[in-house]
Amino acid sequence: MNAFDRITEAVINRGDLAHLALFVWASGASTLLAMTMRDLFAANRRFDDFVRELALFNHRHSGDPL
């Protein structure tokens with residue numbers, strides 16, 4: 001029996017099923033938030049790279065000398 005099964009069994013035996021459900025819900029919500037933030041940061045980096053390349057393109061094709 002692994003540790004997770006022992007913890008689950010101990011919680012159920014004590015009658016704290018609501019606490020177990022709340023913990024599982026909170027863990028899932030925190031994991032989803034972390035995944036969302038990671039994706040948001042990656043999208044922000046990609047957008048920043050796009051804007052930087054667009055500015056470089058505009059500078060190269062503006063006809064203005066350096």
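Student: Is Arg 38 buried or exposed in this model?

Tutor: The model is predicted: local features need pLDDT of at least 70, side-chain atom pairs count only at pLDDT 80 or more, and totals for chains, interfaces and linings use all residues. Residues are numbered from 1 along each chain as its sequence is written, and side-chain values use heavy atoms, with hydrogens and water left out. Buried means under 20% relative accessible area, exposed over 50%, and partly exposed in between (1.4 Å probe, protein chains only). With a relative accessible area of 53%, Arg 38 is exposed.

Student: Which residue forms a salt bridge with Arg 38?

Tutor: A salt bridge here is a side-chain nitrogen of Lys or Arg within 4 Å of a carboxyl oxygen of Asp or Glu. For this pair the closest N and O atoms are 3.8 Å apart. The partner has a relative accessible area of 45% and is partly exposed; it is Asp 39.

Student: How many residues apart are Asp 48 and Arg 52 in helix 2?

Tutor: Helices are DSSP runs (H or I, at least four residues), numbered from the N terminus. Asp 48 and Arg 52 form a salt bridge with the closest N and O atoms 2.8 Å apart. They are separated by about one helical turn in helix 2 (residues 17–60), being apart by four residues.

Technical notes:
Helices (H or I, at least four residues) and strands (E, at least two) are DSSP runs, numbered from the N terminus.
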